[in-house]
Amino acid sequence: MNDITVYQPDSLYAGGRFHEGRALHVSAEGRVLAEGPVPEGARVIRMPGRALLPGLVNGHSHAFQRLIRGRTEYVASGSGTDDFWSWREAMYRAAEALTPEEVYTASRQAFLEMVLAGITAVGEFHYLHHQADGTPYADRNELAHAVIRAARDVGLRIVLLRVGYARSGFRVPPNPRQRRFIDPDVDTFLASVETLVRTTRGQPGVSVGLAPHSVRAVPREWLEALAGAHPDLPVHMHVAEQPREIEACLAEHGRRPVELLAELGLLQPRFTAVHAVHVTDAEARLLGERGAGVCACPSTERNLGDGIVPADVLGQAGARLCLGSDSQATVDLLDEARQLEGHLRLARLRRAVLDPGTGAVDGLAARLFEMATVNGARCLGLTSGALEPGAPADFFTVDLNHPSLLGASPASLLAGIVLGGDKAAVRDVVVEGRRVVSEGHHPRAEESGRAFHTLARRLYP
């Protein structure tokens, strides 16, 4: 019996364009094989009316924040205004309250929504570490393991970006609401990372990265220690999300955040700056020159009033752009791509700001789709993102007869999917050759939804 599976959609996205009449060959180990004649005995799965594309890669997520969706969209009585900092205090209500099993429940629901939207891998920026009073669990990584289990139970590939958090900020008194985040010193943080790497080694679909939270939460001595630590792991960090962060960095270090990270040697190809909203042109050049990435999270940046990521400036400087769902205000990575471009149109007062200028109908869509796939995978140290021989068979399909895609021609299909498709058009999702969503349905959707609803109503009666 041949263990090869051959998927035969109407249209296959590979090599930067759609091909009609091509098939995807997948090994028993869930790897893409070179295309050729259908081997005798292979399992053939015909997918009429479907287009097949590489799986989306979510570069930045705080899964538990799915709980606060729709619960912070107002100005508190007596406050006058609402912004990132007041939102953060509201977010702490969920962060303080969750047991390990509830962290699993909240994370599983967020991850399930991701796979239903065609996302096959996620970078989980994980900063809930300790018990509610700040006491470490017997296993310091108990909550990290709960999040990993949630991702794997829905079939999602995960890179657990273990966050280092040292303080509330420069000359800022300790905030008791952050007790679950903080490690006593950088050695303790690195020991937790090393243990997590060891205990997850060999676990399918799981890897680990380093994540110093931000320049406000991590002092210089931590950053110096992290610059040379674990050179084989990706490093992610919130950078220049808020003007107050930059003001504090200038006060403490006499430099802006990107300038400080460059000086300390953290800006490397394995480094991804999350947000990078308030960067100068010179800082954009530093990111590009050092080969660093930037993860934009437009739905969250819009929701929090952070500002607009200058993706055009960053891209021209050579920074590698990817996308994340961050606070789970929405979970739709292609919509993140649309928002990234759309925000720039409003700011620059022109259309197709990120178009590469080739004159191709799908040029802009191809660039945005690369951010949502190849670039996202690279920022997480993954080999997924493109359906090339030897790569993991991570992909999704869309229904070509979905109302949002009707009328698309082969030349405009990618633009239709990326810039106008509804995530309800996603029908099948496969991760490393294993189908986790079939005909738009996930087998654990009802179970996950019931548990999440119960949890949400407990926290927010």
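In helix α14, the residues S448, F452, L455, A456 and L459 are buried, where buried means under 20% relative accessible area, exposed over 50%, and partly exposed in between, with a 1.4 Å probe and protein chains only. Seen down the axis of α14, these buried residues fall within an arc of 100 degrees, so they line one face of the helix; the arc is that of the directions from the helix axis to the C-beta atoms. As a general point, an α-helix has 3.6 residues a turn, so residues three or four places apart point the same way.

Before I continue, a word on the source. This is a predicted model, in which local features need pLDDT of at least 70 and side-chain atom pairs count only at pLDDT 80 or more, while totals for chains, interfaces and linings use all residues. Residues are numbered from 1 along each chain as its sequence is written, and side-chain values use heavy atoms, with hydrogens and water left out.

Let us return to α14. Helices (H or I, at least four residues) and strands (E, at least two) are DSSP runs, numbered from the N terminus. Helix α14 covers residues 445-459, which is 15 residues, and reaches 21 Å from its first C-alpha to its last, close to the 21 Å expected at 1.5 Å a residue. That expected span is 1.5 Å times one less than the number of residues.

Which exposed residues does the face turned away from the buried side carry? They are E446, R450 and T454. The cover over the buried residues of α14 includes α1 (84-97) and α2 (100-116); contact here means heavy atoms within 4.5 Å.

Helix α1 also holds W85. With a relative accessible area of 13%, W85 is buried. Not counting residues up to four places away in sequence, W85 touches R216, Q242 and R244. W85 and A240 are 155 residues apart in sequence, and their C-alpha atoms are 14 Å apart in space.

I turn now to R256, in the loop between α6 (243-253) and α7 (257-263). A polar contact is a pair of N or O atoms within 3.5 Å; within protein, one must be able to donate a hydrogen and the other to accept it, and residues adjacent in sequence count only if both atoms are side-chain atoms. The side chains of R256 and E283 are joined by such a contact of 2.9 Å. A polar atom of the R256 side chain also lies 2.9 Å from the backbone oxygen of H278.
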